[in-house]
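Here is a short briefing for a first look at this structure. Keep the sequence and the model side by side as you read.

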Amino acid sequence: MKKWAQAVSQWFKQGLPGYCAFCIAARASHAGWCDECFAQLPWNVRHCQQCAEPLVGHAGSRCGHCLVEPPDFTATVAALCYQGPITSLVHDFKFHGSPRAGMLLVELMLSRRPTQLGDALLAVPMYPGRAKERGFNQAQWLAERLGARTHKPLLQACCVKHLPSQRVLNRRERQRNLAGAFAVKASVPAHVTIIDDVVTTGATGHALASVLLANGAQRVDIWAAARTPLQKS
């Protein structure tokens with residue numbers, strides 16, 4: 001009973017302002033974390049400028065994948081690695097609909113925002129049946145709040161193909177899975193920034209960027225909360 005009560009207390013404090021969402025200390029900043037935890041988060045410090053893949057023992061600014069098969073997007077900002085507390089934070093937001101976790105992701109993204117933000121933001125669309133099953137589209141939720149904070153309009157796209165789970169697929173399998181999945185009906189500005197929670201292989205961003213470029217965009221970037229290292233995807 002005591003352990004159960006402690007767990008409930010911890011969960012409750014994580015959802016309250018004034019408590020750090022990571023260590024539960026009662027000294028959080030207005031953004032929802034303490035300075036110590038913020039510094040120790042799994043920051044994606046050295047990464048590919050195009051897809052944000054963490055670079056380990058690699059010279060240059062682009063990874064091997066982007067050098068050999070460049071994706072249709074120009075740059076990716078994903079300031080954190082999908083590891084440790086960030087994995088838990090995204091899971092709470094994505095699968096449990098935690099608004100506190102969602103706002104923490106928004107604040108973390110804004111703490112490392114792109115130097116060049118597009119003319120409009122576009123959330124990765126979700127197939128209607130999938131969105132109904134989950135209850136919401138997490139990328140759209142993030143895009144709406146980021147758009148309000150950055151004063152950028154939102155561009156709308158749709159997913160016209162029911163996609164099986166991408167979790168166990170590699171890069172090429174994901175690319176085949178995503179062929180013909182997206183459509184854009186609205187007028188597309190010159191520079192669009194795609195919003196997502198986690199970038200895994202970049203296949204989704206590539207598929208969506210291809211459609212945007214075909215519809216008049218001149219540059220497409222990605223802005224996500226975190227990046228999964230390819231060797232772990």
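A residue counts as exposed when its relative accessible area is over 50%, and as buried when that area is under 20%. H151 is exposed, because its relative accessible area is 69%. The model is predicted. The protein chain holds nine helices and seven strands.

**Overall picture**
- Of the 233 residues in the protein chain, 49% are buried.
- Take the contacts between residues at least 6 apart in sequence: 71% of them join residues at least 24 apart.

**Confidence**
- The protein chain has a mean pLDDT of 84. A pLDDT of 70 or more is reached by 80% of its residues.
- Confidence is lowest in helix α1, residues 2-14, where the mean is 38. It is highest in strand β7, residues 219-227, at 98.
- Over residues 1-15, pLDDT stays under 50. The model has eight contacts beyond four places in sequence for that stretch.

**Helix α5 and its two partners**
- Two packed helices are described by the angle between their axes and the distance between the axes.
- Helix α4 (residues 84-96) packs on α5 at about 130 degrees, with the axes 8 Å apart. The two helices are therefore oblique to each other.
- The α4 side of this contact is made by I86, L89, V90, D92 and F93. The α5 side is A101, G102, L104, L105 and L108.
- α4 passes α5 in a left-handed crossing.
- Helix α5 (residues 99-111) also meets helix α7 (residues 138-150). Their axes come within 10 Å and cross at roughly 50 degrees. That angle makes α5 oblique to α7.
- The crossing of α5 and α7 is right-handed.
- On α5, the residues that meet α7 are P99, G102, M103, L105, V106, E107, M109 and L110. Their partners on α7 are W141, L142, R145, L146, R149 and T150.

- L122 sits in strand β2, residues 120-123.
- Is L122 buried or exposed? L122 is buried, because its relative accessibility is 0%.
- Leaving out residues up to four places away in sequence, L122 touches L155, Q156, A157, V192, T193, I194, I195, L208 and L212.
- One of these contacts is V192. L122 and V192 are 70 residues apart in sequence, yet 6.9 Å apart in space from C-alpha to C-alpha.

**Helix α9**
- Helix α9 has twelve residues, 203-214. From first C-alpha to last, α9 reaches 17 Å, close to the 16 Å expected at 1.5 Å a residue.
- The buried residues of α9 are A203, T204, G205, A207, L208, A209, V211 and L212. Two of them, L208 and L212, are buried and also touch L122.
- An α-helix has 3.6 residues a turn, so residues three or four places apart point the same way.
- Just after α9 comes G216, with a positive phi of about 115 degrees.

- A52 has a phi near 70 degrees, a positive value in a residue other than glycine. A52 lies in the loop between α2 (35-40) and α3 (64-68). A52 counts as buried because its relative accessibility is 0%.
- H151 has a positive phi too, near 60 degrees, and is likewise not a glycine. H151 lies in the loop between α7 and β3 (154-155).

Technical notes. Residues numbered from 1 in each chain as written. Predicted model: local features only at pLDDT ≥ 70, side-chain atom pairs only at ≥ 80, totals over all residues. Heavy atoms only, no water. Helix = DSSP H or I, 4+ residues; strand = E, 2+ residues; numbered from the N terminus. Expected span 1.5 Å × (residues − 1). Buried < 20%, exposed > 50% of the residue type's maximum accessible area, 1.4 Å probe, protein only. pLDDT = per-residue confidence, 0-100. Contact = heavy atoms within 4.5 Å. Axes fitted to C-alpha atoms, helices over the stretch in contact; angles between N-to-C directions. Parallel < 35°, antiparallel > 145°, perpendicular 65-115°, else oblique. Left-handed = near helix turned anticlockwise from the far one by under 90°.
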